[in-house]
Amino acid sequence: MNPKVNPVISSKLLFSSSEFRNIIEGIRTLTSTLNYDELLNRILEIALTVIPLSTSGIFRLFDEKRQLLIPLAYVGNIASSLLHNTRRGESLSGKVFDDGIARIYNMNDMLDELEHLSPENQNFRNKLLTDEQYIARSMISVPVTIRGERRGTLTLHRFDDEGLFTAYDLELLKVFADQVAIAVENAKLYSEVQNVLQEVTELSGQIQENNQILQKRLEVHEALTALSLKNKGIHAIVKELNRMIKMPASFVDMLNKHSHNGNSQQIQLEFDDIAGLWDTEDHVPLTISFHEQEFYLHPVTVDKVLLGCIMVRLTGPIASMDIVTLEQSSSLFALEMIKKLSLTDIYYKETKEIFTKLLQNQNDDALMAKGVELGLDFSGYMSVSILEITGQFELYQTEINIQRLVFKLNETFNSTPHMAFGLHNQVIMLTSFPHAADAEWVKQSMERMIQEWRFSSSKYVLSAAMGTPYKGIVNIAKSNTEAQKTLHYMFSKQQSGCIQYKDIGINRLFLGQDVSEIHQFISDILGPLESTPGHSSQLEQTLHIYMSEDKIAINTAAVLGIHINTLYQRLKKIQQVLNIRFDNKDDMLKIQMAYHLKDTFNQKH
């Protein structure tokens with residue numbers, strides 16, 4: 001005879017068996033994925049299956065850096081006010097995490113806990129209290145722990161009164177939470193391994209790419225260096241560059257304003273326009289559009305100084321390896337330009353030696369032949385001009401500016417016999433022409449050139465001083481001295497532009513004079529006015545205006561804004577102080593000379 005089984009106990013056994021089947025199935029589902037984000041979503045879905053009484057849930061993970069429990073996943077109809085970050089020991093989840101004790105809460109417990117929220121979470125409390133439908137009637141919360149270390153909390157809610165969580169539900173959820181901790185740990189480890197693998201893969205790709213770039217650099221360097229060592233010149237390097245990148249490329253020489261086009265078609269662009277594309281010292285590659293055609297420009301620089309640029313006519317997107325080729329070739333072009341500067345410097349030294357001998361009037365046949373070779377005509381008039389560039393220069397900028405200036409002079413005076421060479425920040429030019437009046441044309445040409453220079457290079461000031469044209473080698477030194485004096489005069493007056501020695505006028509008499517003696521002369525003549533008690537500035541101003549108004553009293557009084565009688569009183573006082581007479585020609589010459597010298601030399605001294 002079969003024993004009777006208590007139906008309550010049987011039901012409980014069947015229920016327990018069903019719940020544990022749910023747990024086993026849930027664990028199997030959790031372990032079936034290693035995707036971290038997917039796992040977070042599954043945890044709560046499975047938790048609701050394990051505890052059928054629950055209607056919603058939140059999974060929080062502890063952030064060590066921020067020291068906060070962060071809600072990473074939730075399921076069910078949960079108010080946003082429940083999804084706040086929680087401190088350790090704060091609210092229900094914070095307490096469970098802090099002491100590791102699983103808890104069952106009823107509605108009153110939860111309302112009590114709302115009174116103890118941190119200040120930053122008070123707004124969540126206020127939202128919940130305005131709509132109590134989002135306050136759970138029952139809640140269970142368990143810690144998520146692995147190897148004795150708490151990682152987060154798993155919380156389930158019931159929002160109606162049809163059933164409340166029991167201790168049995170709490171035990172089931174604790175068992176499930178242990179498996180959740182393991183699954184989360186595995187997913188995190190897998191994610192970290194995948195990230196490391198991705199980094200290794202990317203690093204391997206970067207190493208491979210860098211290796212290809214290095215090989216390309218070596219290939220370009222070897223090929224172009226071989227051409228440079230054989231002194232094949234810029235044109236050969238451009239041709240090789242065209243072969244390498246398989247797009248039309250040119251090198252624009254900004255020193256001599258010349259374009260080396262290799263096998264490509266001539267590019268019609270103004271050199272000043274190209275230089276103007278880089279209006280700062282930050283010379284970076286550019287892409288420009290010209291005549292409905294795209295160009296890639298790679299600057300060639302030395303110490304922030306623009307020497308030229310590589311210009312590529314784009315027939316399609318420029319490849320990264322082509323950019324590497326251009327970067328590597330730019331250093332070779334820069335080297336070629338420096339070699340040019342060195343050769344130019346040698347030429348300048350040779351030309352300077354010839355010029356020095358001409359100044360010394362060494363009228364020998366070899367010197368005459370060399371002068372004719374340079375294009376000079378010793379039978380005509382000869383004039384020396386000195387052009388000076390002033391401004392703040394970078395290394396190499398002086399030589400580059402001087403070379404550009406020499407190139408411009410050779411271009412401007414191509415049909416006029418001349419020789420020009422650079423010396424520091426100056427260019428010295430000896431010009432010969434059949435008639436003395438031709439010097440005016442030379443001056444006008446220089447003035448136009450200075451205007452163009454000012455327009456294209458506002459950072460550097462160009463001044464030109466011209467000596468008088470004379471016949472014969474013997475007078476070259478005289479014209480050179482005049483040009484130097486004129487430049488000195490321009491410097492003292494802080495003038496730019498182009499000035500001939502004859503334009504200085506009476507100031508030529510004082511150019512070689514010691515400046516201290518000139519100031520002493522001014523002081524001797526006008527100084528007594530400055531020492532007159534109570535009237536020094538008034539008397540000096542009156543005298544200055546009186547002389548500038550050609551000693552016309554009525555005009556002087558009008559300029560000063562005083563009565564004519566007051567003016568006569570001041571003039572009488574001036575004559576007494578200076579011991580002069582306004583009707584004495586010698587006295588007036590001294591006064592006029594003193595004011596002229598004061599206006600001329602007072603700007604600099």
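Tyr-546 sits at 8% relative accessibility and so counts as buried, where buried means under 20% relative accessible area, exposed means over 50%, and partly exposed is what falls in between (1.4 Å probe, protein chains only). This is a predicted model, so local features need pLDDT of at least 70 and side-chain atom pairs count only at pLDDT 80 or more, while totals for chains, interfaces and linings use all residues. Residues are numbered from 1 along each chain as its sequence is written, and side-chain values use heavy atoms, with hydrogens and water left out.

**Rings**

The model holds 5 aromatic pairs. Rings of Phe, Tyr and Trp (its six-membered ring) pair if their centres lie within 6.5 Å; planes under 30 degrees apart are stacked, over 60 edge-to-face, and the rest tilted. One of the pairs is Phe-355 with Phe-421: the centres are 5.6 Å apart and the planes stand at 55°, so this one is tilted. Phe-355 belongs to helix α9 (residues 320-359) and Phe-421 to strand β12 (residues 418-423), so the pair ties together parts that are 66 residues apart in sequence. Helices (H or I, at least four residues) and strands (E, at least two) are DSSP runs, numbered from the N terminus. Phe-355 and Phe-421 are both buried.

Back to Tyr-546, whose ring pairs with that of Phe-582: with centres 5.0 Å apart and planes at 70°, the pair is edge-to-face. Distant parts of the chain are linked here, as Tyr-546 is in helix α15 (residues 536-548) and Phe-582 is in the loop between α17 (564-578) and α18 (585-601), 36 residues apart. Phe-582 counts as buried too, at 11% relative accessibility.

There is also a charge over a ring: Arg-88 lies over the face of Phe-62, at 5.5 Å from the ring centre. The test for this is NZ of Lys or CZ of Arg within 6 Å of the ring centre and within 35 degrees of the ring normal.

**Salt bridges**

Side chains of opposite charge can pair when their charged atoms come close. Here there are 11 salt bridges, each a side-chain nitrogen of Lys or Arg within 4 Å of a carboxyl oxygen of Asp or Glu. Three of them are listed below.

| Salt bridge | N to O distance |
|---|---|
| Asp-99 and Arg-103 | 2.5 Å |
| Arg-151 and Glu-149 | 3.6 Å |
| Arg-243 and Glu-240 | 2.5 Å |

How exposed are the partners? Asp-99 is partly exposed, with a relative accessible area of 34%. Arg-151 is partly exposed at 21%, and Glu-149 is partly exposed at 39%. Arg-243 is partly exposed at 48%, whereas Glu-240 counts as buried at 19%. Arg-243 and Glu-240 are 3 residues apart in helix α7 (residues 234-245), so about one helical turn separates them. Salt bridges that share partners also join Lys-408, Glu-411 and Glu-452 into one network.

On a 1 Å grid over the protein atoms alone, a pocket is an open set of points where a 1.4 Å probe fits, with protein on both sides within 12 Å along at least five of seven lines; lining residues have an atom within 4 Å of a point. The second largest pocket holds about 240 Å³ of space, a volume being the space filled by probe spheres set on the grid points, which are joined across faces, edges and corners.

Its lining has 13 residues, of which Asp-345, Tyr-348, Glu-399, Gly-422 and His-424 lie nearest the centre. The elements giving two or more residues to this lining are α9, α11 (397-412) and β12, and α9 gives the most, with 6 residues. By type, the lining divides into 4 nonpolar, 5 polar and 4 charged residues. Here Ala, Val, Leu, Ile, Met, Phe, Trp, Tyr, Cys and Pro count as nonpolar, Asp, Glu, Lys and Arg as charged, and the others, Gly among them, as polar.

Helix α9 also holds Lys-357, which is partly exposed at 38% relative accessible area. Lys-357 and Ala-477 are 120 residues apart in sequence and 10.0 Å apart in space, C-alpha to C-alpha.

**Backbone with positive phi**

Asp-550 has phi near 55°, a positive value in a residue other than glycine. Asp-550 is in the loop between α15 and α16 (553-560), and counts as exposed at 62% relative accessibility. Asn-579, not a glycine either, has a positive phi of about 60°; Asn-579 is in the loop between α17 and α18 and is exposed at 67%. Gly-100, which follows α3, has a positive phi near 75°.
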